[in-house]
Amino acid sequence: MALSEFNRRSLVKSLVCALCVAGLGGCRPKSGTAARKGKVRLGQAGSLKSGINLFSIERLAVIKENTELRAISLVCTHQNCLIRLNDSSQTGRYVCACHGSRFDEQGRVLNGPASSDLPFYKILLNSQGELEVDFSQVVDSRWSLVLSD
């Protein structure tokens, strides 16, 4: 029994819609903020520039202010999309690339749809003198690793 032209179009549209919806899973990486555990090495502290240092593979930024270092997540708390930097801190330093949530320099939500602040993680020096971020230890946004001069 052959499908009518109308039924074929409906079937094709339904399949395309289903594939598109399945493709939207790109907004939700399998290893989102909550799934990130353990430590990741970032290299030597001397390699960091003053200001914001991006680590896109690790999906975080390390902020260096004088001798203090802080590590902030670049994964949106709404649906785990990646965060991008905005040039203007007045409209939000961090912006969700998918849904437009905006966060200030302390990771606080300025505009939704996100309702939770960006987490900061503990950053430390390991025994080899390399920087490590510990994803299992969320810290206050004011916490920092102070490097010796």
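Which residues have the most contacts inside the largest nonpolar core? The close-up views below start there. This is a predicted model, in which local features need pLDDT of at least 70, side-chain atom pairs count only at pLDDT 80 or more, and totals for chains, interfaces and linings use all residues. Residues are numbered from 1 along each chain as its sequence is written, and side-chain values use heavy atoms, with hydrogens and water left out.

**View 1. The largest nonpolar core has 16 residues.** Leu42, Leu60, Val62, Leu69, Ile123, Leu131 and Val133 have the most contacts inside it. A nonpolar core is a set of buried Ala, Val, Leu, Ile, Met, Phe, Trp, Tyr and Cys residues joined through side-chain atoms within 4.5 Å. Buried means under 20% relative accessible area, exposed over 50%, and partly exposed in between (1.4 Å probe, protein chains only). Strands E1 (39–44), E3, E4, E9 and E10 each give two or more residues to this core. E10 supplies the largest share, three residues. Helices (H or I, at least four residues) and strands (E, at least two) are DSSP runs, numbered from the N terminus. A second, separate core has 14 residues, among them Ile72, Tyr94, Phe120 and Val139. In soluble globular proteins, nonpolar side chains tend to be buried together.

**View 2. Leu69 and its contacts.** Contact means heavy atoms within 4.5 Å. Not counting residues up to four places away in sequence, Leu69 touches Leu48, Val62, Ile63, Lys64 and Ile123, and also Leu131, Trp143, Ser144, Leu145 and Leu147.

**View 3. Strand E3 (residues 60–65) is largely enclosed by the rest of the structure, because five of its six residues are buried.** Two strands pair if DSSP finds at least two bridges between them. Strand E2 (residues 51–55) runs antiparallel to E3, and five bridges join the two. Leu54 stands opposite Ala61 in E3. E2 and E3 form a hairpin with four residues between them. Arg59, in that turn, has a positive phi of about 55 degrees. E3 also pairs with strand E4 (residues 68–73), in the antiparallel sense, over six bridges. Here Ile63 stands opposite Arg70 in E4. The E3–E4 hairpin has two residues between its strands. Its turn contains Asn66, with a positive phi of about 60 degrees.

**View 4. Strand E4 is mostly covered, with five of its six residues buried.** Glu68 in E4 is the bridge partner of Glu65. Glu68 also has Val146 in E11 as a bridge partner. E4 and E11 run antiparallel and are joined by two bridges. E4 and E9 pair over two bridges, again in the antiparallel sense. There, Ala71 has Tyr121 in E9 as its bridge partner.

**View 5. Tyr121 and Phe135 form the one aromatic pair that a search of the whole structure finds.** Their ring centres are 4.9 Å apart and their planes are at 85 degrees, so the pair is edge-to-face. Rings of Phe, Tyr and Trp (its six-membered ring) pair if their centres lie within 6.5 Å; planes under 30 degrees apart count as stacked, over 60 as edge-to-face and the rest as tilted. Tyr121 lies in strand E9 (residues 120–125) and Phe135 in strand E10 (residues 130–139), so the pair ties together parts 14 residues apart in sequence. Both Tyr121 and Phe135 are buried.

**View 6. A disulfide joins Cys81 to Cys98, S to S 2.4 Å.** A search of the whole structure finds one disulfide, defined as a pair of cysteine sulfur atoms within 2.5 Å. The link of Cys81 and Cys98 is left-handed, with -100 degrees about the S-S bond. Cys81 lies in the loop between E4 and strand E5 (83–85), and Cys98 in the loop between strand E6 (94–96) and strand E7 (102–103), so the pair ties together parts 17 residues apart in sequence. Cys81 is buried at 3% relative accessible area, whereas Cys98 is partly exposed at 39%. Cys76 is in no disulfide. Its nearest cysteine sulfur, that of Cys96, is 3.9 Å away, too far for a bond. Cys76 is buried at 0%, and Cys96 is buried at 3%.

**View 7. Ser141 lies in the loop between E10 and strand E11 (145–146).** Ser141 is buried, with a relative accessible area of 17%. Its side chain makes a polar contact of 3.4 Å with that of Gln106. A polar contact is a pair of N or O atoms within 3.5 Å; within protein, one must be able to donate a hydrogen and the other to accept it, and residues adjacent in sequence count only if both atoms are side-chain atoms. Ser141 touches Arg70, Gln106 and Phe120, not counting residues up to four places away in sequence.
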